[in-house]
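Hello,

Here is the structure I promised to pass on. Have a look at it first, and then read my notes below.

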Amino acid sequence: MKQGAQDSAGTGAPEVRPVAAWVPPQPQPADVRRERGGGNVPAADARGEHTHSERPLPAPRPVVRRSSVRGQILDALRTALVAGELRPGEVYSAPALGERFGVSATPVREAMQQLAQEGAVEVVPNRGFRVAERGARELAELAEVRALIEVPVLLRLARTVPPQRWAELRPLAEATVRAASSGCRATYAESDRAFHRAVLSLTGNEQLVRFAEDLHRRAQWPLVGGPVGPARADLIADAAEHTALLDALVARDPDVVRSLVHEHFACAG
């Protein structure tokens, strides 16, 4: 009798041999597959991920800090100009200013180029930048231009803006009074611009706001041969005109608004 024709008990039933369970091939590391002739295998394939339908993610963009440094230096230079630390007619080199602010000459040079476009300084080849020398006539011309632009705008706002909107600007006007009381010309100049910027922002015309602020900033530069800046009492008087202007705007009194703005611009600087 052939083996397997019957079991050991002689029952005649065919012998059933156990069959090992099928195990799928396991993924192998990329280096093992390359050794076996598998070639270069993407890391995602080695993990069993599908990449044929996925777009590669762009590399993260580097954080650009140079423009931030230039902006900080620009603000610092503007403050130094208003405070009279950079004297009209004097020449300052980018390396020397960079050493003062603890940065390289490059961001200083870039900031000075911006100030040159604004008319605050002029380029002196192979030397640096000369602070512009402004006289009383230029200040008067700036006051006239500002009045031509802003007086009609404020008169229109006086007719259209409700009193409660003007009340929202009262804290900014009070901030200018506190800044004036400190006697710091640079601190007052910043709060002064913030108040006027908020007033003109009620027009919704961003181009107007930017243009008017540029003129305002120019009017704050010190005059050649004159004092570094107004006395503390002059700053306080100038700040008081902000609250008076708000009162006139709330009352919708065009004559008072017109008179206050002309006087305010004439005394600015």
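Helix 5 has 14 residues and spans 20 Å from its first C-alpha to its last, close to the 20 Å expected at 1.5 Å a residue (the expected span is 1.5 Å times one less than the number of residues). Helices (H or I, at least four residues) and strands (E, at least two) are DSSP runs, numbered from the N terminus.

Before going on: this is a predicted model, where local features need pLDDT of at least 70, side-chain atom pairs count only at pLDDT 80 or more, and totals for chains, interfaces and linings use all residues. Residues are numbered from 1 along each chain as its sequence is written, and side-chain values use heavy atoms, leaving out hydrogens and water.

Which residues of helix 5 are buried? They are P107, V108, A111, M112, L115 and E118, where buried means under 20% relative accessible area, exposed over 50% and partly exposed in between (1.4 Å probe, protein chains only). Seen down the helix axis, these buried residues fall within an arc of 135°, so they line one face of helix 5 (the arc is that of the directions from the helix axis to the C-beta atoms). After helix 5 comes G119, with a positive phi near 90°.

The sheet is open, with three strands in the order 1-3-2 and antiparallel pairing; two strands pair if DSSP finds at least two bridges between them. In strand 3, F129 is the bridge partner of Y92.

N126, in the loop between strand 2 and strand 3, has a positive phi of about 65° although it is not a glycine.

Best wishes
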